[in-house]
Amino acid sequence: MSGAGAGAGAGAGAGAGAAPPGRERARRPGGRTARNRALVLDAVRAQLLEHGYDGLSVDSVAERAGVHRTTVYRRWRDVGGLLADLLDAARDDDWAAPDTGSLTGDLVAVNREVHEALTSTPSLTTALIAASFRSARAASALRDFWEDRYRRCALIVERAVLRGEIPERTDARRLLVAATAPLYHQVVLLRVPTSVQFADQAAHDAARAAVAGVFTGP
């Protein structure tokens, strides 16, 4: 996905943005090590998109990246390590939640990013989600990726509260899940064609529910 969903940063590249709040990240090595990492992660993306999880192996990635297989085995060890690092790199980007001036506008913008990420052909996001069911390390990294995105998107809810659009004590996670979950349900679980209008409607529905106080906590 672009920035809001899994694959966002992973598809766009491994940027060197600041670490997300509350999570200290080790300094990334530079020079040849950094170049090798970029080559390897590019190869992981391409191999996953073209051949799926079953076509992903340390040897195939090393060959595609032009990096010695021993180097890849030493650093990443297995396919799970490669996928986990791809998602870890995505969390190093500088993606920020949209700021359109309204809760509805922000949620629509997020959902359109998610929709694009899920429905693009091929979709790195859906490929990573599928891979997470085959690799425990990938699943853990994917959960971390989404936790990071939820933290960044919480600002949407904070701004809406400050503008007086929605009640105080609105639970950001519940609201964000309500806005985005219908897209994952339609595209990933049901695998049915889903329009951008559907994404917009889900955002509008969640915003109206938030205004009504549905997501307020104790």
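**Entry 1: R69 and its partner**

I began with R69, which is partly exposed in this predicted model, at a relative accessible area of 43%. Its side chain meets that of D59 in a salt bridge, 3.1 Å from N to O. I placed R69 in helix α4 (residues 69–76) and D59 in helix α3 (residues 58–65), so the bridge ties together parts that are 10 residues apart in sequence. D59 has 35% relative accessibility, so I noted D59 as partly exposed too.

I then checked the record for this stretch. UniProt, in an unreviewed entry, places a "DNA-binding region" at residues 57–76. Over those residues I found 80% helix and 0% strand, with the end C-alpha atoms 11 Å apart.

**Entry 2: other salt bridges**

How many salt bridges does the whole structure hold? My search came back with 17.

I picked R159 and D106 next; their side chains meet at 3.2 Å, N to O. R159 lies in helix α8 and D106 in helix α6, so this pair ties together parts 53 residues apart in sequence. Are these two buried or exposed? Both R159 and D106 turned out to be buried.

I also jotted down a network of salt bridges that links D93, D148, R149 and R152.

**Entry 3: the core**

I went on to the largest nonpolar core, which has 58 residues. Which of them touch the most other members? They are V40, L83, L103, L107 and L175. Helix α8 (residues 136–162) gives the most to this core, with 9 residues. A reminder to myself: in soluble globular proteins, nonpolar side chains tend to be buried together.

Leaving out residues up to four places away in sequence, V40 touches V61, A65, V67, V72, W76 and L82.

**Entry 4: the aromatic pair**

I found 1 aromatic pair in the structure. The ring centres of W146 and Y184 are 5.8 Å apart and the planes stand at 85 degrees; an angle over 60 counts as edge-to-face, so I filed the pair under that heading. W146 sits in helix α8 and Y184 in helix α9, 38 residues apart, and the pair thus links distant parts of the chain. Y184, at 17%, is buried, whereas W146, at 23%, is partly exposed.

**Entry 5: T180 in α9**

I stayed with helix α9 (residues 172–190), where T180 lies. T180 counts as buried because its relative accessibility is 12% and the cut-off is 20%. What does T180 contact beyond its neighbours within four places in sequence? I listed V110, N111 and Y150.

**Entry 6: helix α10**

Which residues of α10 are buried? My list reads A199, D200, A202, A203, A206, A207, A209 and A210. What covers them includes α6 (103–119) and α9.

D205 is partly exposed, at a relative accessible area of 37%.

Notes
Residues are numbered from 1 along each chain as its sequence is written. This is a predicted model: local features need pLDDT of at least 70, side-chain atom pairs count only at pLDDT 80 or more; totals for chains, interfaces and linings use all residues. Side-chain values use heavy atoms; hydrogens and water are left out. Helices (H or I, at least four residues) and strands (E, at least two) are DSSP runs, numbered from the N terminus. Buried means under 20% relative accessible area, exposed over 50%, partly exposed in between (1.4 Å probe, protein chains only). Contact means heavy atoms within 4.5 Å. A nonpolar core is a set of buried Ala, Val, Leu, Ile, Met, Phe, Trp, Tyr and Cys residues joined through side-chain atoms within 4.5 Å. Rings of Phe, Tyr and Trp (its six-membered ring) pair if their centres lie within 6.5 Å; planes under 30 degrees apart count as stacked, over 60 as edge-to-face and the rest as tilted. UniProt positions are given in the numbering used here, feature names are shortened, and annotations may be inferred rather than shown by experiment. A salt bridge is a side-chain nitrogen of Lys or Arg within 4 Å of a carboxyl oxygen of Asp or Glu.
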